[in-house]
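Here is a short tour of a protein chain for you to follow alongside the sequence and the 3D view. Keep both open, and turn the model as you read.

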Amino acid sequence: MTGTAPVPFTADDYKARMDRAARQAADAGLAGLLVAPGPDLVWLTGYAPPAVTERLTLLVLAAGRDPVLVVPTLEAPDAEKATGAPALALRDWTDGKDPYALTAALLDDRGRFGVSDNAWALHLLGLQQALPNTSYLSLTEALPMLRAVKDAAELERLAAAGAAADAAFEEIRNVRFAGRRESEVAADLAALLRRFGHSQVDFTIVASGPNGANPHHEAGDRRIERGDMVVLDFGGLRDGYGSDTSRTVHVGEPTEEERRVHDLVREAQEAGFRAVRPGAACQDVDRAARAVIADAGYGDHFIHRTGHGIGVTTHEPPYMIEGEERPLVPGMCFSVEPGVYLPGRFGVRIEDIVTVTEDGGRRLNDTERGMVMVD
């Protein structure tokens with residue numbers, strides 16, 4: 001299963017994104033946005049440099065001005081081929097020239113700019129030296145919701161990524177677990193994600209027995225035993241958009257307590273999902289899931305937020321956490337993934353990607369959420 005190729009994004013799609021980003025920057029009181037190579041640049045222009053090097057590449061966006069992409073001359077031919085290139089102007093610079101002087105000429109010399117989070121300090125310091133009266137704010141702080149609301153084409157890609165991750169789970173539940181190392185099962189998961197169309201695998205957590213009490217355990221050499229609870233959390237990128245799902249399986253028959261904790265987490269996950277609706281605050285999703293676990297006496301063992309956004313990266317705003325009062329909007333996509341972690345014993349996590357609809361929420365993962373037993 002690789003699925004049908006998605007409808008390609010067009011130059012008009014990228015132009016609309018750049019225009020929207022520039023307007024949002026102006027509304028936030030910024031003179032513009034400076035976007036370095038990384039997921040923001042790909043989302044805004046369709047351009048990913050062939051290699052991220054010390055040479056400055058920077059997209060400059062400002063309301064009322066045409067977008068400009070500053071690139072090294074030797075990479076300009078690649079930039080010209082990007083789908084979004086017709087919607088922007090290229091300014092190239094050669095080795096031996098000062099790229100910061102070139103970029104400074106495009107900027108308000110007393111402006112405050114949003115800067116993509118992964119911009120190199122080398123480049124930001126170079127701009128500050130060229131324009132000492134400018135100031136800067138991380139893009140996540142300045143415009144945290146820039147990529148949060150997905151359009152129909154993006155939702156289609158996220159749904160396809162979710163379906164591919166589900167297909168990987170349906171396969172992995174049939175492999176042998178007992179007697180094998182966590183790393184071996186993790187390698188199986190990675191291979192399955194690629195078989196079902198992922199170009200990039202970001203993580204394959206296989207946390208067996210007591211390792212399941214560590215939410216970000218990295219699969220290691222522990223041999224999985226009969227009687228183990230095993231947390232599986234895996235995802236990556238398919239056609240440029242993310243997948244992320246978690247299921248907790250059991251090797252052989254579970255104990256009564258293990259069933260009870262698993263059922264509790266499933267109930268909490270359902271409560272979090274049912275809290276998803278337009279206008280609800282992000283924290284309402286966290287509160288709904290957390291209340292179920294706290295009421296059952298396990299509140300101290302739910303040790304992370306209930307969810308995170310997903311899109312061109314597998315973790316991005318918005319976050320489903322206490323204190324996040326931003327309202328949910330149709331088109332937002334995020335995980336709902338409560339868990340219970342009992343140190344030295346076992347853990348349980350159940351996770352789906354959910355998108356906000358006009359009247360509620362829709363899951364993008366739909367594999368079995370009840371207890372699944374494996375060999």
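How many helices and strands does the secondary structure of the chain come to? The count is ten helices and 18 strands, where helices (H or I, at least four residues) and strands (E, at least two) are DSSP runs numbered from the N terminus.

## Before you start

This is a predicted model, in which local features need pLDDT of at least 70 and side-chain atom pairs count only at pLDDT 80 or more, while totals for chains, interfaces and linings use all residues. Residues are numbered from 1 along each chain as its sequence is written, and side-chain values use heavy atoms, with hydrogens and water left out.

## The chain as a whole

Let's begin with the overall dimensions. The C-alpha trace spans about 70 × 40 × 35 Å along its principal axes. For 375 residues, a compact globule would have a radius of gyration near 21 Å, and the 23 Å of this chain agrees with that. The radius is taken over C-alpha atoms, and the globule rule is 2.2 Å times the number of residues to the power 0.38.

Of the 375 residues, 54% are buried. Here buried means under 20% relative accessible area, exposed means over 50%, and partly exposed lies in between (1.4 Å probe, protein chains only). Contact means heavy atoms within 4.5 Å. Among contacts between residues at least 6 apart in sequence, 67% join residues at least 24 apart.

## Two helix pairs

Look now at helix 9 (residues 256-274) and helix 10 (residues 282-295), whose axes come within 7 Å and cross at roughly 155°. That angle makes helix 9 roughly antiparallel to helix 10. Axes are lines fitted to C-alpha atoms, for helices over the stretch in contact, and angles run from 0 to 180 degrees between N-to-C directions. Angles under 35 degrees count as roughly parallel, over 145 as roughly antiparallel, 65 to 115 as roughly perpendicular and the rest as oblique. The crossing of helix 9 and helix 10 is right-handed; a crossing is right-handed if the near helix is turned clockwise from the far one by less than a right angle, and left-handed if anticlockwise. Helix 9 brings L264, E267, A268, A271 and G272 to the contact, and helix 10 brings V285, A288, A289, V292 and I293. These residues divide into eight nonpolar, one polar and one charged. Ala, Val, Leu, Ile, Met, Phe, Trp, Tyr, Cys and Pro count as nonpolar, Asp, Glu, Lys and Arg as charged, and the others, Gly among them, as polar.

The axes of helix 7 (residues 152-172) and helix 8 (residues 182-195) come within 9 Å and cross at roughly 135°, which makes helix 7 oblique to helix 8. Their crossing is right-handed. A165, A168, E171 and I172 of helix 7 meet V185, D188, L189, L192, L193 and R195 of helix 8. This contact has seven nonpolar residues, no polar ones and three charged ones.

H250 lies in strand 10 (residues 245-251). Is H250 buried or exposed? H250 is buried, because its relative accessible area is 0%. Beyond its neighbours within four places in sequence, H250 is in contact with G227, D228, M229, E258, M371, V372, M373 and V374.

T248 is also found in strand 10 and counts as buried at 3% relative accessibility. Over in strand 8 you will find M229, buried with a relative accessible area of 1%. Leaving aside neighbours within four places in sequence, its contacts include T248, V249, H250, E258 and M371.

## Two backbone details

Most residues other than glycine have a negative phi, and most peptide bonds are trans. D239, in the loop between strand 8 (229-238) and strand 9 (241-242), has a positive phi, near 50°. At 33% relative accessibility, D239 counts as partly exposed.

Where is the cis peptide bond? The bond joins P317 and P318, with omega about 5°. P318 is found in strand 12 (residues 316-320).
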